[in-house]
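User: Hey, can you walk me through this protein? I'm new to reading structures.
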Amino acid sequence: MKDDNHKYLKIEFLGNVDNRELDNFLLNNIDVMFAMGTAALEAARLAIPTVLLDVSYVPIKDDYIFKFLFDTVDYTLGDVIDEHHFKSGNKSFENIMDSVINDYAEVSTKTYNYFVSNHELEQSIPLLLEKLEKNNVQYNELYKNGFTRIDWSTKLYHFVRYGKINGKRQFTNT
């Protein structure tokens, strides 16, 4: 991919950043993060203004509605794009960039506060445990629907590590 420039930003494709250097890299090189999933959370926990992106399997047209991470609901970290993600003539990108430029401290604080309130472990674990306690899924339903099957990568790991798959030795030393 080639580097690209826009009125509000400079885009550079850098490849991989070592996980041990990620926080330092983000803090020293990123003014506003456009991301989805846990990548959005990596920036938000550092108080970097974060715009949540959604996933698409087709090219995205110009009328996509951009939104800050702190404007999302129900803990979402990205949706599959459909018609409700677009509005003709919207200026969401320009509005977001203006907010970041003119109110960086406020946007940064809102981003961090959203992360702490919704995604920090101290908040997430009790919510997960509450959902698990209310869950009525039975093991036989998981088994019947294939959730207990061992995937090929786990089988390969067990074979390489232990010479076993599904607890059965696959070869013997003679």
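This is a predicted model: local features need pLDDT of at least 70, side-chain atom pairs count only at pLDDT 80 or more; totals for chains, interfaces and linings use all residues.

User: How much of the protein counts as buried?
Analyst: The protein has 174 residues, and 23% of them count as buried. Its accessible surface comes to about 13,200 Å², with 52% of that belonging to carbon and sulfur atoms.

User: What about contacts between residues at least 6 apart in sequence?
Analyst: Of those contacts, 47% join residues at least 24 apart.

User: Let's zoom in. Which residues of helix α2 are buried?
Analyst: Helix α2 runs over residues 37-44, and its buried residues are Ala 40, Leu 41, Ala 43 and Ala 44. They cover an arc of only 160° around the axis, so they sit on the same side of α2.

User: Why do residues three or four places apart point the same way in an α-helix?
Analyst: Because an α-helix has 3.6 residues a turn.

User: Nice. What do the buried residues of α2 pack against?
Analyst: Their packing partners are α1 (22-29), β3 (33-35), β4 (50-52) and α4 (104-118).

User: Switching to strands. What's the order in the open sheet of 3 strands?
Analyst: The order is β3-β4-β5, and the pairing is mixed. β3 and β5 (67-68) are at the edges with a single partner strand each, so one side of each has no neighbour in the sheet.

User: In which sense do β4 and β5 pair?
Analyst: That pair is antiparallel, over 2 bridges. If you want a spot to look at, find Leu 52, which stands opposite Lys 67 in β5.

User: What does the side chain of Lys 67 meet in a salt bridge?
Analyst: Its partner is the side chain of Asp 54, at 3.3 Å from N to O. The two are 13 residues apart and link distant parts of the chain: Lys 67 is in strand β5, while Asp 54 is in the loop between β4 and β5.

User: Is Asp 54 buried or exposed?
Analyst: Asp 54 has a relative accessible area of 6%, so it counts as buried, since the cut-off for that is under 20%.

User: How many salt bridges does the count come to?
Analyst: The count is 6. Another one joins the side chains of Lys 110 and Glu 106, at 3.5 Å from N to O.

User: Where are Lys 110 and Glu 106?
Analyst: Both are in helix α4, and because they are 4 residues apart, about one helical turn separates them. Lys 110 is partly exposed, with a relative accessible area of 39%, and Glu 106 is partly exposed too, at 43%.

User: And what's the salt-bridge partner of Lys 134?
Analyst: That's Glu 130, with the side chains meeting at 3.2 Å, N to O. This pair lies in helix α5, again 4 residues apart, or about one turn of the helix. Lys 134 is exposed, with a relative accessible area of 63%, whereas Glu 130 is partly exposed at 35%. Elsewhere, salt bridges that share partners join Asp 23, Glu 42 and Arg 45 into one network.

User: Which residues form the nonpolar patch on the surface?
Analyst: Leu 121, Ile 125, Leu 128, Leu 129 and Leu 132 do, with about 490 Å² of accessible area together. Take Ile 125 as an example: you'll find it in helix α5 (residues 121-134), and at 42% relative accessibility it counts as partly exposed.

User: Last one. Where is Asp 63 found?
Analyst: Asp 63 is in the loop between β4 and β5. With 25% relative accessibility, Asp 63 counts as partly exposed.

User: Which residues does Asp 63 touch?
Analyst: Leaving aside residues up to four places away in sequence, Asp 63 touches His 85, Phe 86, Lys 87, Ser 88, Gly 89 and Asn 90.

Technical notes. Residues are numbered from 1 along each chain as its sequence is written. Side-chain values use heavy atoms; hydrogens and water are left out. Buried means under 20% relative accessible area, exposed over 50%, partly exposed in between (1.4 Å probe, protein chains only). The arc is that of the directions from the helix axis to the C-beta atoms. Contact means heavy atoms within 4.5 Å. Two strands pair if DSSP finds at least two bridges between them. Patches are made of residues with over 30% relative accessible area and no salt bridge: like charges are joined within 9 Å, nonpolar side chains (Val, Leu, Ile, Met, Phe, Trp, Tyr) within 5 Å. Accessible areas come from the Shrake-Rupley method with a 1.4 Å probe; for residues, only the protein chains shown count as cover. A salt bridge is a side-chain nitrogen of Lys or Arg within 4 Å of a carboxyl oxygen of Asp or Glu.
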